[in-house]
Structures are given as structure tokens and as C-alpha cells.
Amino acid sequence: MDRQERVVRELLDAHGRTYADEAGIPLKDTPQPLYRLLVLAHLLSARIRGSIALATARALHEAGLRDPRRMAEADWQERVDALGRGGYRRYDERTATQLGEAAELLNERWGGDLRRLRREADGKVSELRHLLQEFPGIGPAGADIFLREVQGVWPEAAPYLDAKALQGAERLKLPKDPGRLTELAGRTDPAVLAAALVRAAVDKDVAEDARRRAG
């Protein structure tokens, strides 16, 4: 095992967990987990600490706002209150509006099922990224987050290592080629690899620790 492989292994051993898993989302190719991932991507894409976004995703679930029908039916204040319980106070009012509008769009255009959006994209990752950005509150960063996390169950997206993940690779002194990075990670789910690289991008201590442990 060369040093680059050791760096990747140390990173994955310490931080090999998707954000969906950390938010308590058992990701499968079924409507509710996919919707919860869309909400998580929305929350994580704001300029707010990741830990707060994860806590807020859990708070929305606990409030019963776990599918687009329920999210759309909830009144605005109910959404604001759930966001506040997760600590998402800086953007709570705007986000409450966007979550309601996005749920309505999903219900009306794709019958509440993101798999229909996937079928509309017809295997084209660029089209998936474009369609995701039609949801209020989901911009390029949010679409990237969703695709990084969903690639384990939507394999046409893999390997999806966006600019943020490749920033982590650069910090780790690893190649910035997605194919080479997936080779270094072996049989690791590319979604797990992407999440670990993003953690290295947003926290230099993560990268430094992996490099130190690799020797």
C-alpha cells in the first residue's frame, strides 16, 4: 500500500460516513429517504455549520415533516418552529417558505417521488443537476450535495466528486482525478469517499490527522 492509499484509508477509517447516515437517513431508492436527502442538501448548502444542518434535518423528521405531502400541508409557522428546534435560526423564515414551495413542486410535477425526476433525467447527470436546481432553495451547491450522497443508490451519478470533494483531496495531497481517487479508495462506496473528502475540505484538522496517521 503506497502513501496515498494509506492517507485515504486513514481518512475513511476516521470519517467514512455519509452525511445522510449522520442525519439518521437510511438512504434507499424509495420516496421518503430520497426526499429527506433533498431537504438535508437544502439545509447543508446554507452558510451554516454542518452540525446545525444535521440536527435540523433530524428535528424536521421528528416533527413529522418527512415527506413532501406532509411538508406542503404544514403551515409556515410549524416549519419555522421545527427549524428553530434544530438551531437553524439564521435562515429559518426564508427556509420555511422554500421548503413548502419545494414540496409543492415535487408533489405537482413528480408526484412526490424523486425517482420520477431521475427517470426524466434519463441517465444524464448534468440533467439531474439541472432539475434539482428547480427546487426553491437548491442551487448548485445543494445539487452537488444531493448527488454526492445519492450516488450510492443512483449509480449513474458515480463517481460524483465535485469541487468541494476535490478541494479535500488537494488538502490531503491526493490526486484531483475522480477515477484515481476511487481507485485509491478500493471498494468503498463513492458516497462515503465523497463525504470524507468534504470533511477534509471544511476542516483542515481532518486532513492533517489523516496525513499524520499515514506516516
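Analyst: A residue is called buried when its relative accessible area is under 20%, exposed when it is over 50%, and partly exposed in between, with a 1.4 Å probe and protein chains only. Helices (H or I, at least four residues) and strands (E, at least two) are DSSP runs, numbered from the N terminus. The model is predicted, so that local features need pLDDT of at least 70 and side-chain atom pairs count only at pLDDT 80 or more, while totals for chains, interfaces and linings use all residues. Residues are numbered from 1 along each chain as its sequence is written, and side-chain values use heavy atoms, with hydrogens and water left out.

User: Which residues of α1 are buried?

Analyst: Val7, Val8, Leu11 and Leu12 are the buried residues of α1. They lie on the same side of α1, because they cover an arc of only 125° around the axis; the arc is that of the directions from the helix axis to the C-beta atoms.

User: And what do they pack against?

Analyst: The buried residues of α1 pack against α12 (178–184), α13 and α14 (204–214), where contact means heavy atoms within 4.5 Å.

User: What span should α1 have?

Analyst: Helix α1 covers residues 3–15, and its 13 residues should span 18 Å at 1.5 Å a residue; the end C-alpha atoms are 18 Å apart, which agrees. The expected span is 1.5 Å times one less than the number of residues.

User: How far apart are the end C-alpha atoms of α4?

Analyst: They are 19 Å apart, which agrees with the 18 Å that the 13 residues of α4 should span. The buried residues of α4 are Ile52, Ala53, Leu54, Thr56, Ala57, Ala59 and Leu60. Their packing partners are α2, α3 (31–44), α5 (68–73), α6 and α7 (92–110). After α4 comes Gly64, which has a positive phi, near 85°.

User: Where is Gly84, and is it buried or exposed?

Analyst: Gly84 is in helix α6 (residues 76–85). Gly84 has a relative accessible area of 12% and is therefore buried. Its C-alpha atom is separated by 8.8 Å from that of Ala59, 25 residues apart along the chain.

User: What lines the largest cavity?

Analyst: Its lining consists of Ala23, Ile25, Arg36, Val39, Ala57, Leu60, His61, Leu65 and Arg66, around about 70 Å³ of space. The most comes from α4, with 3 residues.

User: And the second largest cavity, what lines it?

Analyst: That cavity holds about 50 Å³ and is lined by Tyr35, Leu38, Val39, His42, Leu99, Ala102, Phe135, Pro136 and Ile138. Here α3 gives the most, with 4 residues. The lining has 8 nonpolar, 1 polar and no charged residues, where Ala, Val, Leu, Ile, Met, Phe, Trp, Tyr, Cys and Pro count as nonpolar, Asp, Glu, Lys and Arg as charged, and the others, Gly among them, as polar.

User: How much space lies in the largest pocket?

Analyst: About 460 Å³. Of its 20 lining residues, Leu44, Ile145, Lys164, Val198 and Val202 are the closest to the centre. The largest share of the lining, 4 residues, comes from α10. By class, the lining of the largest pocket has 9 nonpolar, 3 polar and 8 charged residues.

User: Changing topic to the backbone: which peptide bond is cis?

Analyst: The bond from Ala158 to Pro159 is cis, with omega near -5°. Pro159 belongs to the loop between α10 and α11 (163–171).

User: What is the phi of Asp122, and of Lys173?

Analyst: Asp122 has a positive phi of about 55° although it is not a glycine, and it sits in the loop between α8 (114–121) and α9 (125–132). For Lys173, likewise not a glycine, phi is positive, near 65°, and the residue is in the loop between α11 and α12. Asp122 is exposed, with a relative accessible area of 57%, and Lys173 is exposed, at 56%.

Notes. On a 1 Å grid over the protein atoms alone, a cavity is a set of points where a 1.4 Å probe fits but cannot get out, and a pocket is an open set with protein on both sides within 12 Å along at least five of seven lines; lining residues have an atom within 4 Å of a point. Grid points are joined across faces, edges and corners, and a volume is the space filled by probe spheres set on the points.
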